[in-house]
Amino acid sequence: MRSVPWWVLFSSVCAPVLLVGGWAVSAQLQGPGYDPASATISILASDGAAGYWVMTPALLALGACHVVTASGLRPAAPFGRAALAGGGLSAMLLALFPAPASGGSFAHGVVVAVGFCLLAVWPVLAVRRRAAGRRVVAAAGDTWPRPAARPSGRTAPWGLRPAPSVTAAALMWLGGAWFLLALYMLETAGAAERVLTFAQSFWPLVVVVSCFRHEGDDGQSG
């Protein structure tokens with residue numbers, strides 16, 4: 001039995017596809033006045049936007065994908081899975097706190113900031129130095145307690161090892177700094193936000209694929 005179910009691969013593939021597809025279709029509906037290099041994604045889901053009916057469901061589905069991925073990503077550490085699920089819930093909350101048609105929104109800004117932080121920190125919180133131990137089921141007639149799991153000497157999947165995880169998280173935080181700089185000084189916030197949000201939606205897929213490959217390598221070596 002696989003430690004990562006097949007539907008986790010499906011949800012992790014859907015996340016970046018839904019995000020990119022959502023902003024691409026919404027930008028087309030918004031018309032030529034919308035500049036994706038300078039305008040943020042939030043504008044596409046704001047009240048009264050032409051693409052609101054596309055971008056908002058895309059964000060809801062994106063968040064749901066992260067929650068589903070977190071629920072089935074058993075090789076990852078629990079705190080990392082919780083942070084990934086929290087980032088997914090934050091994406092879904094954007095439907096309740098959309099950006100206004102003009103001006104700013106404190107509630108929307110808080111939800112965006114919380115979602116970014118959770119998705120930027122979950123790679124580090126999910127780190128495993130060793131593969132999780134296999135659960136031992138007590139046999140009928142046993143008269144003594146058995147351990148819940150036995151330690152494993154195998155290395156963890158690549159996407160859950162310290163070096164790749166810390167690198168991914170660091171790049172996401174640098175992307176966040178780039179976004180703030182672009183938002184207030186460079187007028188390229190849209191481009192920065194797209195690179196950052198795509199990276200955060202794509203990393204769960206990298207982790208899931210590495211878990212599947214890790215199990216495949218174990219099967220061949222066994």
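## Terms and basis of the model

Contact here means that heavy atoms lie within 4.5 Å.

The structure is a predicted model, in which local features need pLDDT of at least 70 and side-chain atom pairs count only at pLDDT 80 or more, while totals for chains, interfaces and linings use all residues. Residues are numbered from 1 along each chain as its sequence is written, and side-chain values use heavy atoms, with hydrogens and water left out.

## Overall make-up

The protein holds 6 helices and 2 strands, where helices (H or I, at least four residues) and strands (E, at least two) are DSSP runs numbered from the N terminus. Read from the N terminus on, the elements follow the order α-α-α-α-β-β-α-α.

Of the 222 residues in the protein, 42% are buried, a word that means under 20% relative accessible area, whereas exposed means over 50% and partly exposed covers what lies in between (1.4 Å probe, protein chains only). The protein exposes about 11,700 Å², and carbon and sulfur atoms supply 70% of that area; accessible areas come from the Shrake-Rupley method with a 1.4 Å probe, and for residues only the protein chains shown count as cover. Among contacts between residues at least 6 apart in sequence, 72% join residues at least 24 apart.

## Helices α3 and α4

The axes of helix α3 (residues 78-93) and α4 come within 8 Å and cross at roughly 155 degrees. Such axes are lines fitted to C-alpha atoms, for helices over the stretch in contact, and angles run from 0 to 180 degrees between N-to-C directions. The two helices α3 and α4 are therefore roughly antiparallel to each other, since angles over 145 degrees count as roughly antiparallel, those under 35 as roughly parallel, those from 65 to 115 as roughly perpendicular and the rest as oblique. The crossing of α3 with α4 is left-handed, which is the term used if the near helix is turned anticlockwise from the far one by less than a right angle, with right-handed used if it is turned clockwise.

On the α3 side the contact is made by F79, G80, A83, L84, G86, G87, S90 and L93, and on the α4 side by V111, V114, G115, L118, L119, V121, W122 and L125. Sorted by class, this contact of α3 with α4 has 11 nonpolar, 5 polar and no charged residues, where Ala, Val, Leu, Ile, Met, Phe, Trp, Tyr, Cys and Pro count as nonpolar, Asp, Glu, Lys and Arg as charged, and the others, Gly among them, as polar. S90, which lies in helix α3, counts as buried because its relative accessibility is 8%.

## Helices α4 and α5

Helix α4 (residues 106-125) also packs against α5, at an angle of about 160 degrees and with the axes 6 Å apart, which makes α4 roughly antiparallel to α5. The crossing of α4 and α5 is left-handed. From α4 the contact uses F116, C117, L119, A120, P123 and V124, and from α5 it uses S165, V166, A169, M172, W173 and G176. The residues of this contact of α4 with α5 divide into 10 nonpolar, 2 polar and no charged.

A168 is found in helix α5 and is buried, with a relative accessible area of 10%. The C-alpha atoms of A168 and P123 are separated by 7.0 Å, although these residues are 45 residues apart along the chain.

S210 lies in helix α6, and with a relative accessible area of 10% S210 is buried. Leaving out residues up to four places away in sequence, S210 touches P157, W158 and G159; S210 and P157 are 53 residues apart in sequence and 5.6 Å apart in space, C-alpha to C-alpha.

S42 is found in the loop between α1 (6-30) and α2 (52-72), and at 16% relative accessibility S42 counts as buried. Apart from its neighbours within four places in sequence, S42 is in contact with A99, H108 and E193, and the C-alpha atoms of S42 and E193, 151 residues apart along the chain, are separated by 9.8 Å. E187, in contrast, is found in the loop between α5 (162-186) and α6 (189-221) and counts as exposed at 64% relative accessibility. Phi of E187 is near 60 degrees, which is a positive value in a residue other than glycine.
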